[in-house]
Every structure is written in structure tokens, then in C-alpha cells.
Amino acid sequence: MSATAYVDLSAFEHNVSAIVREVSPAETWIALKSNAYGHGMLELADNALRAGATGLAVLDIPAALRLRSHGIASTIFAWLHGAETDFGAAVAAGIDIGVSTRAQLDAVATAPGVGRVHLKIDTGLHRNGFSSSDWAEICAHARELEVAGSITVVGVWSHLADAGDESDDAALARFENARAAATGAGLAPELFHIAASSAALRNSRARNSVVRVGIAAYGISPFDDVDGHNLGLKPVIRLESTVLSSGTGQSVIAAGWFDGVPQQPDAEAWVAIDGGRAAVLTVGPRHTLIAGEFAAGSTVVVWGADGPTAEAWAAWTNTIGDEIVTGVPAHVRRVFGRG
Ligand SMILES: *Cc1c(COP(=O)(O)O)cnc(C)c1O
């Protein structure tokens with residue numbers, strides 16, 4: 001065994017419930033993209049809904065279809081589409097489809113059945129979405145498709161950059177304008193969503209009718225100035241390994257960067273072992289060296305409950321907590337439990 005990732009379903013449900021309470025009356029959709037940020041999409045889906053989420057958000061339609069086949073009956077939202085995307089399968093499975101281009105809109109409309117469409121307005125990120133200048137025309141076109149019985153526009157959405165108060169205010173104003181223009185074009189969307197974790201937790205004006213929350217549900221703060229614990233969130237994933245051997249004041253752990261231990265941490269980095277801390281010396285591909293001699297077989301908590309946080313590892317390796325947890329590779333065994 002190299003490393004094992006323990007996924008605490010009670011901690012996940014605790015976080016989802018806390019977020020649901022905080023943002024209510026807005027609904028909460030939980031983002032399960034990237035295999036639920038490395039935690040396990042199919043294993044967490046039911047738990048998110050049981051804890052009060054009303055929908056799930058994944059990147060692409062194949063992931064949405066996997067959730068549907070797994071028995072998930074709630075709203076499933078998918079928004080990233082490639083040239084090969086099978087919109088027919090998505091419409092047939094009742095997936096909520098985020099649409100960013102006219103070609104996507106027409107492809108959904110052409111599929112048999114009535115596609116559930118969420119039109120994306122670009123409110124300043126310039127990644128994707130319709131521009132403000134195209135918006136009126138797209139809404140008019142979408143309304144024609146609706147009248148023809150090909151689609152129904154159930155939502156208008158965007159993504160907030162969290163680039164500071166002023167630019168967020170400007171983005172929210174653009175979002176409001178888009179919403180008004182959609183209604184003006186005769187559309188009657190009921191779902192308006194722009195906030196991810198950070199805006200959902202700190203900007204009540206951004207919540208609208210739905211928030212799409214990812215990282216906070218996994219117990220990791222979306223902010224630089226406060227960690228998950230201080231937000232009342234619990235870490236969900238715990239990466240553990242064991243001591244292989246020791247000598248000359250050091251011990252070798254049976255996991256390295258190939259197993260999800262982040263590379264090149266700075267000198268502050270530590271892991272938990274025998275109820276204390278051991279400094280991390282070097283992280284190799286399959287092994288990590290720590291300071292101190294520990295008995296072979298001793299359990300090492302790389303991060304998670306009883307160890308350093310994923311946020312701490314993010315600070316030590318100059319990244320964000322999302323990357324630490326999502327970076328646990330697929331070959332690392334996940335063990336799902338409670339507590
Ligand atoms: C990843 C993502 C989210 C969730 O973001 P967090 O910051 O992890 O909460 C929401 N919406 C979209 C479009 C995303 O890509």
C-alpha cells in the first residue's frame with residue numbers, strides 16, 4: 001500500500017448542510033467536477049442531495065449521464081461541451097444544459113425532445129458565454145426555438161471572477177441586465193446563478209436563486225484570509241501513508257508525488273505521526289523523507305483530520321487547496337466512511 005485517501009461522508013454532509021443553511025432561500029447545487037475534486041463523484045452525489053443540495057453540477061455531459069445512470073433524479077447541470085458532445089443523450093436524460101454559443105443552442109434544439117437550456121451571459125471573465133452585444137439577439141432566437149417546442153430556457157447563468165468588490169459589482173449589474181433582457185424577450189427562466197463558493201459565502205447579493213458550490217463543500221476555504229475550519233467547515237479527504245523504514249534521524253514514507261503528496265514543499269511542511277509532527281524533508285516520486293526515526297508501519301497523516309490541512313499544503317507549495325485534493329491520483333485507494 002502506498003497511500004490511502006479516507007473520505008469522510010459525514011464531514012461532507014456537514015459542510016453541505018452548513019452551506020445550504022447559509023445561502024437559503026437560494027438553492028445549493030454541489031459542483032462534482034473533476035471526480036468531485038478528487039473525492040469520488042458517484043460516491044458523494046447521494047450524500048450531497050441528502051444533506052439538502054437540490055442539484056449537482058459537473059463539467060460535461062458524459063459525467064452528467066454517469067450520474068443519471070447511477071440513479072440521480074435531481075437537477076444535473078453540465079456546461080462544458082466539445083465538438084463531439086451528444087446533446088441528444090443529454091436531452092433524453094433530462095440534463096440541464098449550460099449553453100454558451102449559438103451552435104450549442106441550435107444543437108440542443110435539433111435533438112429530439114425539449115432540451116432544458118441555461119443561457120450563459122459573459123459578465124466579464126471572457127472565458128465563455130454570450131457577449132452583452134449578442135444577448136438580445138440570442139434571447140430572441142431562443143424564444144423562437146421555445147415557441148417551436150424545441151427547447152425551454154430554464155435558466156440564465158454566469159460565473160463570477162471574485163476579482164474584488166468593484167468588478168464583482170459590475171459583473172452583477174451586467175447579470176441583472178441580462179436577466180431583464182431575457183424576460184423582455186419573452187423567456188421565463190426560473191433559475192439565475194452566478195455564485196460559486198466564495199460569492200455564495202460572502203456576497204449575499206450574488207446568490208440569486210441558485211449557488212453552485214464546489215470547494216467549500218469539501219471543507220476547503222475559497223478565501224486567502226480564513227481557512228475552512230474558521231468557516232465552520234470540516235476537511236473531507238485525509239491522505240494517509242505508512243513508514244517504510246528509518247535510520248540516521250530520518251524516516252521513509254511509502255508515498256510520494258506519484259501518490260498525491262505535493263512536490264517541493266517549503267521548509268514549513270510537516271505531517272502528523274505518533275500524535276506529533278515531523279518535518280517533511282524531500283518528496284520523491286514514490287517516497288517521502290521526514291525528519292525523525294519512527295517505527296516501520298506507523299501511520300502518517302499527510303493531510304486531513306488530525307494532520308495539516310490541505311490549505312496548509314497549498315501554502316507550502318504555492319497553490320490552492322483545490323489543486324491539493326484534486327491531485328490525489330486515481331490509483332490511490334479511496335475508503336469511504338463516516339467520522
Ligand atoms: C468549478 C465551478 C464552480 C464551483 O467553484 P468553487 O469555487 O469550487 O465553489 C461553479 N461554477 C462553475 C461554472 C465552475 O466551473
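## Strand β11 and S251

Strands here are DSSP runs of E at least two residues long, and helices are runs of H or I of at least four, both numbered from the N terminus. Keep in mind that this is a predicted model. With that settled, S251 sits in strand β11, which spans residues 250–253. S251 counts as buried because its relative accessibility is 0%, and the cut-off for buried is under 20%.

The side chain of S251 reaches the backbone oxygen of G292 at 2.6 Å. Skip residues up to four places away in sequence, and S251 still touches V243, S245 and S246, along with T288, L289, I290, G292, E293 and F294.

## Two helix pairs

Let's start with α1 (residues 9–23) and α3 (residues 41–50), whose axes are 9 Å apart and pack at an angle of about 40 degrees. That angle makes α1 oblique to α3. The crossing of α1 and α3 is right-handed. On the α1 side the contact uses L9, F12, E13 and V16, and these meet E43, L44, N47, A48 and R50 in α3. Sorted by class, the α1 and α3 contact has 5 nonpolar, 1 polar and 3 charged residues.

Now for α7 (residues 132–147) and α8 (residues 165–184): their axes come within 9 Å and cross at roughly 20 degrees. α7 and α8 are therefore roughly parallel to each other, and their crossing is right-handed. S132, W135 and C139 of α7 make the contact with R174, A178, A181 and A182 of α8. By class, the residues joining α7 to α8 split into 5 nonpolar, 1 polar and 1 charged.

## What α3 buries

Back to α3, where M41, L44, A45, N47 and A48 are buried. Among them, L44, N47 and A48 also belong to the α3 side of the contact with α1. What do the buried residues of α3 pack against? Their partners are β1 (4–8), α1, β2 (27–31), α2 (33–37), β3 (55–58) and α4 (61–69). After α3 comes G52, with a positive phi near 115 degrees.

Y37 lies in helix α2 and counts as buried, at 8% relative accessibility. Which residue sits 285 places from Y37 along the chain, with its C-alpha atom 6.9 Å away? That would be D322. Beyond its neighbours within four places in sequence, Y37 is in contact with A31, G214, I215, Y218, D322, V325 and T326.

A36 is in helix α2 too, and at 0% relative accessibility A36 counts as buried. A36 has a positive phi of about 55 degrees despite not being a glycine.

## Buried loop residues

Some loop residues are tucked away as well. F223, in the loop between β9 (210–213) and β10 (237–247), is buried with a relative accessible area of 13%. Setting aside neighbours within four places in sequence, F223 contacts S198, L201, R202 and L231. From F223 to D162 is 61 residues in sequence and 10.0 Å in space, C-alpha to C-alpha.

V328 lies in the loop between α11 (321–326) and β16 (333–337). It is buried, with a relative accessible area of 3%. Its contacts, again leaving out neighbours within four places in sequence, are A5, I237, L239, G260, W303 and R334. The C-alpha atoms of V328 and T123, 205 residues apart along the chain, are separated by 33 Å.

Most residues other than glycine have a negative phi, and most peptide bonds are trans. Against that background, the bond joining S24 and P25 is cis, with omega about 10 degrees. P25 belongs to the loop between α1 and β2.

Q264 is a non-glycine residue with a positive phi, near 50 degrees. Is Q264 buried or exposed? Q264 is exposed, with a relative accessible area of 71%, and its place is the loop between β11 and β12 (270–273).

Key:
Residues numbered from 1 in each chain as written. Predicted model: local features only at pLDDT ≥ 70, side-chain atom pairs only at ≥ 80, totals over all residues. Heavy atoms only, no water. Axes fitted to C-alpha atoms, helices over the stretch in contact; angles between N-to-C directions. Parallel < 35°, antiparallel > 145°, perpendicular 65-115°, else oblique. Left-handed = near helix turned anticlockwise from the far one by under 90°. Contact = heavy atoms within 4.5 Å. Nonpolar A, V, L, I, M, F, W, Y, C, P; charged D, E, K, R; others polar. Buried < 20%, exposed > 50% of the residue type's maximum accessible area, 1.4 Å probe, protein only. Polar contact = N/O pair within 3.5 Å; in protein donor to acceptor, adjacent residues only side chain to side chain.
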